[in-house]
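This briefing sets out the strand arrangement, an aromatic pair and the nonpolar cores of the model shown here. Please read it alongside the sequence and the structure.

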Amino acid sequence: MYLSIGNDMAVREKSVIGIFDLDNTSTSKRTLEFLAAAEAEGKVVPCDELPKSFVITAEYGMDRVYLTALNTSTLEKRAK
């Protein structure tokens, strides 16, 4: 099954490691360091709008961070 994360993008549900709220987690220094490192390595897939959350996936040895304008509760409902 696939999880629609907005902007006509979808990821495989079993590749999702976590869904995180950007407002709550961006206050942590470690989260900011993680996102900066992912950006520097070219692993961040941006969205067209103001991001509200991010989805971390890993599949076939490739990990990605998808920024999405959807909030975490919407993504959680879509995953169920």
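In what follows, a contact means that heavy atoms lie within 4.5 Å. By that criterion, and leaving aside neighbours within four places in sequence, Leu 22 is in contact with Leu 35, Pro 51, Lys 52, Ser 53 and Phe 54. The model is a predicted one.

**Sheet and helix**
- Four strands form an open sheet in the order β3-β5-β6-β4, and their pairing is mixed.
- At the edges are β3 (16-21) and β4 (44-45), each of which pairs on one side only.
- Strands β3 and β5 (residues 53-59) run antiparallel and are joined by five bridges.
- Ile 19 has Val 55 in β5 as its bridge partner.
- Helix α3 (residues 72-79) lies across β3, β5 and β6 (62-68), and runs at about 150° to β3.

**Aromatic pair**
- The count of aromatic pairs comes to one.
- This pair is formed by Phe 20 and Phe 54, with 5.3 Å centre to centre and 25° between the planes. It is classed as stacked because planes under 30 degrees apart count as such.
- The pair links distant parts of the chain, since Phe 20 belongs to strand β3 and Phe 54 to strand β5, 34 residues apart.
- The cut-off for buried is under 20% relative accessible area.

**Nonpolar cores**
- The largest nonpolar core comprises eight residues: Leu 22, Leu 35, Ala 38, Val 44, Phe 54, Ile 56, Val 65 and Leu 67.
- Two or more residues of this core come from each of α2 (29-40), β5 and β6.
- Another core, of six residues, lies apart from it and includes Val 11, Val 55, Tyr 66 and Leu 75.
- Leu 22 and Phe 54, both members of the largest core, are also in contact with each other.

**Surroundings of Thr 57**
- Thr 57 is located in strand β5.
- With a relative accessible area of 6%, Thr 57 is buried.
- Not counting residues up to four places away in sequence, Thr 57 touches Val 11, Ser 15, Val 16, Ile 17, Met 62, Asp 63, Arg 64 and Tyr 66.

Notes
Residues are numbered from 1 along each chain as its sequence is written. This is a predicted model: local features need pLDDT of at least 70, side-chain atom pairs count only at pLDDT 80 or more; totals for chains, interfaces and linings use all residues. Side-chain values use heavy atoms; hydrogens and water are left out. Two strands pair if DSSP finds at least two bridges between them. Axes are lines fitted to C-alpha atoms, for helices over the stretch in contact, and angles run from 0 to 180 degrees between N-to-C directions. Rings of Phe, Tyr and Trp (its six-membered ring) pair if their centres lie within 6.5 Å; planes under 30 degrees apart count as stacked, over 60 as edge-to-face and the rest as tilted. Buried means under 20% relative accessible area, exposed over 50%, partly exposed in between (1.4 Å probe, protein chains only). A nonpolar core is a set of buried Ala, Val, Leu, Ile, Met, Phe, Trp, Tyr and Cys residues joined through side-chain atoms within 4.5 Å.
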